[in-house]
Amino acid sequence: MSEFRRNPVFGNWIIIDTERNFSQEKHSVENGVEKSDTAYCPFCPGNESMTKPEILAFSNNPHRYPNTGDWKLRVVPNNKPILQVESAIKRQAYGIYDKMEGAGAHEIIIESPQHDLQFKNAPLEYYENAYKAAISRVRDLRNDIRFEHIFYMKKYGSHGNYPIGSHPHSQIIALPIVPKQVNEELDGALRYFNYKERCVFCDIILQEIDDGIRIIAENESFIALCPYASRYPFEVRIMPKTHKSDFDLISDAEMSALANITKTVQTKYSLVLDDCPGTILVHTAPLKKRNLSYYHWYLEIIPEIAVLGNIDKGTGLFVNPIFPEDAAKHLKG
Ligand SMILES: [Zn+2]
Ligand SMILES: [Zn+2]
């Protein structure tokens, strides 16, 4: 059973999860995939019994039985969840401290039956299905009133604990709290809105379209850009041109456009950064603050480029070795 503990000075919540064995974590991915061998991979077709029963599946076969093969995408609860949906939320005081049981949801979107499919080479349908599944899960999890915030994230490529060949997947994590970083971003956006009576993100989009020097791709619904104050080299944001604070309010047409621009960005990355792994994270408003006029959802992509002498850990200071304008120039090609 995991536990939330709040830092009494910074106010941020930490999850203590003793189910996670840190020596084992070094060479395994989440959900217990320890080998890139498809015989042992619980995400591979034929191994459906190795996961918990599926929550959602896409298949071309209308007569398919749940938890059998013949699927294009499956969503399953994580076998080793950080948080469990069954738990009740019990907030407790412990002296001056605050703690809470780890209620939440932790789901895995198995994005393709193809074990060795590389993100950069994936067909457009793959991206569309992945987003469709994520949106569908967020819309469903939103109905559970215990949850305050949902993270949708994906790690792609070969990470230290994500060996090459690990099955393409992303994660949905529903939390009973709003993380401090999310609140800080909302507060910053609200301050700007109170001052200017405009959404800061809408203003950023207008200025970036005007400047043109940090945009690397654009379509009818989205722009992809290297942010003005990028923390990491080749960091990219994909921002919807239409103001919406919630990721799950995306329309079907926008979802296709998002799949399209994500694929374009990945193609650009592969040309400039080869097989550099990275993380995609959706920034969206907390579940109980819908339709905010001052916040605007977006998708953040951070390639994992080792930067010598970086001092960001613990200091909050980021040293980026490349101007985002130059990163954009390389990516634009
Ligand atoms: Zn697999
Ligand atoms: Zn906006």
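Modeller: What follows goes from the helix to its cover, then to the strands and the domains. The model is predicted, so local features need pLDDT of at least 70 and side-chain atom pairs count only at pLDDT 80 or more, while totals for chains, interfaces and linings use all residues. Residues are numbered from 1 along each chain as its sequence is written, and chains are lettered from A and ligands numbered from 1 in the order in which they are written.

Helix H5 covers residues 252-273 and spans 31 Å from its first C-alpha to its last, close to the expected 32 Å (1.5 Å times one less than its number of residues). Helices (H or I, at least four residues) and strands (E, at least two) are DSSP runs, numbered from the N terminus. The buried residues of H5 (20 or more other C-beta atoms within 10 Å of their own, C-beta atoms being placed from the backbone) include Leu258, Ile261, Lys263, Val265 and Tyr269. Among the elements covering them are helix H2 (124-141), strand E12 (236-240) and strand E14 (298-303). Just after H5, Asp274 has a positive phi of about 55°.

E14 pairs with E13 in the antiparallel sense over six bridges (pairing needs at least two DSSP bridges), and His283 has Tyr298 of E14 as its bridge partner. E13 (residues 278-283) also pairs antiparallel with E8 (residues 149-156), over four bridges; there Lys154 is bridged to Ile280.

An automatic or database assignment gives domain 1 (3-177) and domain 2 (181-332). Their centres, taken over C-alpha atoms, are 23 Å apart. H2 and E8 each supply at least two residues of the side of domain 1 that touches domain 2.

Methods. Buried ≥ 20, exposed ≤ 12 C-beta atoms within 10 Å, placed from the backbone. Contact = placed C-beta atoms within 7 Å.
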